[in-house]
Amino acid sequence: MTNSRETHWLRDIVGLDVDVERQSAVIGAYRDILVELNKLRALDLTDVHPAVIFSPIPSSPYHEAVVPIATPTPAPPGEAR
Amino acid sequence: MTAHDLPLRPLEELAPLIKTRQLSPVDLMQATLARIDRFDGDIQSFVCLASNAMDQARTAEDEITAGRYRGPLHGIPIAVKDNYLTADMPTEVGTAAPKSFPLRDAAAVERLRSAGAIVFGKTRMHEFAWGNVTPPTRNPWQQDCVPGGSSGGSGAAVAARFCSVALGSDTGGSIRIPASLCGVVGLKPTFGRISRDGVVPHSWSLDHAGPLSLTVADSTIVLQALSGADAADPGTAAVPVPDFSAGLNKSIRGMRVGVIRNHFFGRNQTDVDSAIDAALAFYAADGATVLDLEMPLLEYGLAAIFAIELSSSTAYHARNLATGAVNSFTPDVRLLVEMGRLVTGPDYLKAEQLRSVLMQDLARLFLDVDVIIGPTSPLTAWPIGEWTVEIGNETESVLAASWRLTYPWNLAGLPAASIPCGFDRHGLPIGLQIAAGPYNEIAVIRAAHAYERAHAWKERMPVL
């Protein structure tokens with residue numbers, strides 16, 4: 001089970017706005033992936049440029065459907081809803 | 001060849017008959033639809049058949065009769081995975097959740113139609129391309145087993161001889177896994193070779209479009225038709241498109257075959273290992289040099305693909321998370337989409353750093369070898385509803401095991417194919433995976449076609 005601190009952390013910082021039971025399921029499933037991620041975190045890749053190429057030239061025309069997603073305003077950190 | 005047999009034959013045999021007007025596209029389309037009507041009630045590989053399929057066939061026939069033959073895809077029925085947008089069929093992406101995708105052709109579908117192909121149906125896929133089971137599709141070789149995924153409908157449709165070619169998409173193995181489990185050819189080209197414009201995204205830097213087919217030549221013909229830069233897909237590369245048929249009917253004498261002994265071996269079913277050993281023996285006996293390799297950094301590959309795939313998928317589904325549409329996803333896919341929120345920015349970029357090193361390491365290996373060969377999947381098709389598998393003394397999740405050998409080629413963006421290389425003790429197909437350096441699909445085709453020509457696996461077909 002998650003506690004209320006985890007609830008606030010997931011909702012307010014990570015943006016995962018699901019009920020407490022659901023949070024437990026998500027965190028539980030993520031633990032296996034975290035084992036793998038921890039191996040990667042321990043690898044020193046300081047001098048490696050990531051495989052991401054940035055270009056200031058637009059690669060595709062502006063998409064008119066780019067609009068804000070309507071979401072409820074998040075509560076300030078620490079404040080219960 | 002009787003009308004009944006028409007759909008059983010590969011594109012490479014049908015195309016010359018259509019070109020010389022010995023075979024009518026209308027008869028072929030009719031026979032295709034009749035076979036689907038007869039058997040797909042059990043296999044469940046299609047989610048939609050185009051209401052205008054026969055009209056398309058008549059148009060193709062009229063053009064060919066009038067002397068306007070367009071090439072080897074003209075008049076050939078081809079199915080596409082249900083994440084390719086189509087103008088004449090809805091796109092459902094394997095989900096029952098609310099969605100609204102436009103009725104327009106994906107770039108790859110446009111290219112197929114321009115080449116004269118009859119795009120006649122949409123194949124079933126694992127929801128949003130996030131899984132490798134593809135319910136409720138059944139594996140034609142044993143109908144109580146999964147077809148793999150996420151392009152499971154395409155794999156099953158080709159294996160069942162409903163069509164000689166179906167398009168799939170591959171983010172961590174989703175073309176090659178069903179190809180392996182269903183005993184057909186699956187070709188994931190180099191990242192950037194085929195436009196993904198109009199393919200519903202799963203993970204932008206890992207997604208590849210490509211064919212599943214009965215033979216290597218069939219996939220080669222389709223690759224030729226689909227390749228090329230496209231301004232609508234910023235991931236495509238402005239590199240020359242070679243004549244891929246240069247890889248067909250070539251000897252492998254002098255070819256250098258690499259075998260990465262770590263990661264790709266040691267945790268496979270024994271029948272899989274035996275089939276791969278036999279295939280490697282073929283290459284050695286036929287004049288290739290086989291060289292053992294090691295790539296220790298693959299130990300970190302699973303973390304990298306999880307970080308990239310989870311966070312990308314969750315970014316794509318931001319609207320579905322915000323509106324609650326994700327609540328209508330199947331439980332496994334909903335969990336993955338929600339979990340992506342937990343991947344941190346540094347984890348994501350560290351994964352992209354690892355990708356850089358993997359690509360550099362592979363570039364070094366490809367100085368010494370032309371292709372790298374191994375199994376496509378450590379296991380054959382597993383029973384529907386089973387979630388773990390015993391490999392040696394270890395119990396492993398089938399989902400974790402099944403993509404272990406395919407995702408490295410998505411991380412590196414390199415071309416890789418799966419071709420049939422035998423059957424296990426239960427009569428289930430085994431796949432041989434062949435990969436090459438960037439944009440060197442011709443080497444993959446050369447090694448794959450040489451193996452295929454020397455073996456008769458493609459002549460075996462499941463009893464439906």
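**Backbone geometry in loops of chain B**

B:Ser150 sits in the loop between S3 and H5 of chain B, where helices (H or I, at least four residues) and strands (E, at least two) are DSSP runs numbered from the N terminus. This is a predicted model, in which local features need pLDDT of at least 70, side-chain atom pairs count only at pLDDT 80 or more, and totals for chains, interfaces and linings use all residues. Residues are numbered from 1 along each chain as its sequence is written, while chains are lettered from A and ligands numbered from 1 in the order in which they are written. Most residues other than glycine have a negative phi, and most peptide bonds are trans.

**Cis peptide bonds**

- The peptide bond that leads from B:Gly149 to B:Ser150 is cis, with omega near 5°.
- B:Pro135 and B:Pro136 are also joined by a cis peptide bond, for which omega is about 0°, and B:Pro136 belongs to the loop between strand S3 (118-123) and helix H5 (152-159) of chain B.

**Positive phi outside glycine**

- B:Asn249, a residue other than glycine, has a positive phi near 55°, and its place is the loop between helix H7 (216-226) and strand S7 (256-260) of chain B.
- With a relative accessible area of 57%, B:Asn249 is exposed, a class that requires over 50%, whereas buried means under 20% and partly exposed lies in between (1.4 Å probe, protein chains only).
- B:Tyr439 is not a glycine either, yet its phi is positive at about 60°; the residue lies between strand S13 (429-436) and helix H15 (441-454) of chain B, in the loop.
- B:Tyr439 counts as partly exposed, at 28% relative accessibility.

Notes. Side-chain values use heavy atoms; hydrogens and water are left out.
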